[in-house]
Amino acid sequence: MKILERYFFWENIKPFLLSLVVITFVMMLDRLIDLLNVIIEKQLDFLTIISLFSLSLPFILALSVPIAVLTSSIMSFGRMAVDQELTAVKACGVNIYKKMTLLYIIALFLAGGMAYFNDFILPDTNHVLKNLMIKVTYRKPINAIKPGTFTSFENISVYAKEAVGEELHGVIIYNRESSSFPTTITASKGTISIENNANKVRIDLYDGEMHEKDAHEQDKYQIRYFKHYSLIKSDLGFQIDNSPTSYRGDREMNSKQIMSMVESRKKDIDRLENELKPLRESLQELPTNLEDQEVYIEHKKLNNMIKLKVAEKDEIEKTIRVYQVEMHKKYALAFACFVFFLIGAPIGMMTKTSGIGMAFSVSAVIFLIFYVMIVGGEQLGDRGLLSPALSMWIPNIIFLVLGMIVTYTSYKEKSLIDLDRLNNRIKKLMSRFS
């Protein structure tokens, strides 16, 4: 390794480690604020608190590492530009960007390492963290239900309009255990209790009704009314260890598991298409005279069956999109390490941001724009307005192009705004007003 390349490496590695520690610490403080109410309300022991924070660390690192790359590149090259070190190197006839080849290679390797981290380590820690959070929440089980949203216990989804004390009001439950058609249960109120060391949940419902569809005879539909009904879900498997449970969300699966799930869901779509074809043919063969009572009933029955299967197919397609978006998101965030170095180094050279505060400010603005684009792309991908791959890679593509443009501008020694000079002018202007 040549002297100049080695110097560039060490001038970047020290700010990177400093930025990583500071950014991770700030994000952990934000996580502490989120968990503070749970820690106080549940009176968690020290070991559980440490487990919560240690399991939250991988998710934070998935975001803090790209930010640290951006911050360190702006800080290091900005300082060298302010101290005229880059000017001295150029005066010797040395091409700075050729001497940065090693840093580009390291940034690529870091992106590859983060891709492995996001795909294999992060999903498992997210899974264990989810189980731990459920275990913690079950110390007061009603807190597991957030009013206005669906909460899932494996094959059971629970919705409540509001929570009053220890009771849930306006309860809706979808139970997908018995057949391919979920059983819908509604109740005016209900309570939740935990048994068997948080391994069994019992939901007591009052003044409601149960809607069931026969899986074998699809034209049969039952409605049962009840004063009191108990729904018990056993063997949840929520333990505070690394043992796997049967259900994983999209952020708890690696790419191989996601692809396996997608292939399975595509088979379900093919099955539904095969079931829809004869139903649509039967509907077309019916007489058009709907004034006939028998024809009207048959027509309505076939329409309802088609709507149910189309709704099920749409839900499966949405699930597939959500999982595919999450898979591409893992790699898009990892590749951002390289993109941010590509855009951060020339920005540091051209803006001459020597202070750590200015470097953090510039990198925070850039990452905020990037993250907003990622979140927006995720929403578009989930809704099917963009393909899952394109929705997640558009931010990287845009910033990669911007990085090339900024690198070319820096190579041609064109200047951008001198942020230090602008900051000094703003301070002088404010002092005059004061």
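Begin by selecting glutamine 84, which is found in the loop between α2 (46-82) and α3 (85-91); helices here are DSSP runs of H or I with at least four residues, strands are runs of E with at least two, and both are numbered from the N terminus. Before going further, note that this is a predicted model, in which local features need pLDDT of at least 70 and side-chain atom pairs count only at pLDDT 80 or more, while totals for chains, interfaces and linings use all residues. Residues are numbered from 1 along each chain as its sequence is written, and side-chain values use heavy atoms, with hydrogens and water left out.

Stay on glutamine 84 and look at its backbone: phi is near 65°, a positive value in a residue other than glycine. Glutamine 84 is also partly exposed, with a relative accessible area of 43%, where buried means under 20%, exposed means over 50% and partly exposed lies in between, using a 1.4 Å probe and protein chains only.

Next, select strand β5 (residues 200-213), which holds aspartate 207. Although aspartate 207 is not a glycine, its phi is positive, at about 55°, and its relative accessible area of 42% makes this residue partly exposed.

Now select helix α6 (residues 255-285) together with α7, whose axes come within 9 Å and cross at roughly 160°; axes are lines fitted to C-alpha atoms, for helices over the stretch in contact, and angles run from 0 to 180 degrees between N-to-C directions. The two helices α6 and α7 are therefore roughly antiparallel to each other, a label for angles over 145 degrees, while angles under 35 count as roughly parallel, 65 to 115 as roughly perpendicular and the rest as oblique. In the contact of α6 with α7, the residues divide into 18 nonpolar, six polar and 12 charged, with Ala, Val, Leu, Ile, Met, Phe, Trp, Tyr, Cys and Pro counted as nonpolar, Asp, Glu, Lys and Arg as charged, and the others, Gly among them, as polar.

Finally, show the whole protein chain, whose secondary structure comes to 10 helices and six strands. Of the 434 residues in the protein chain, 42% are buried.
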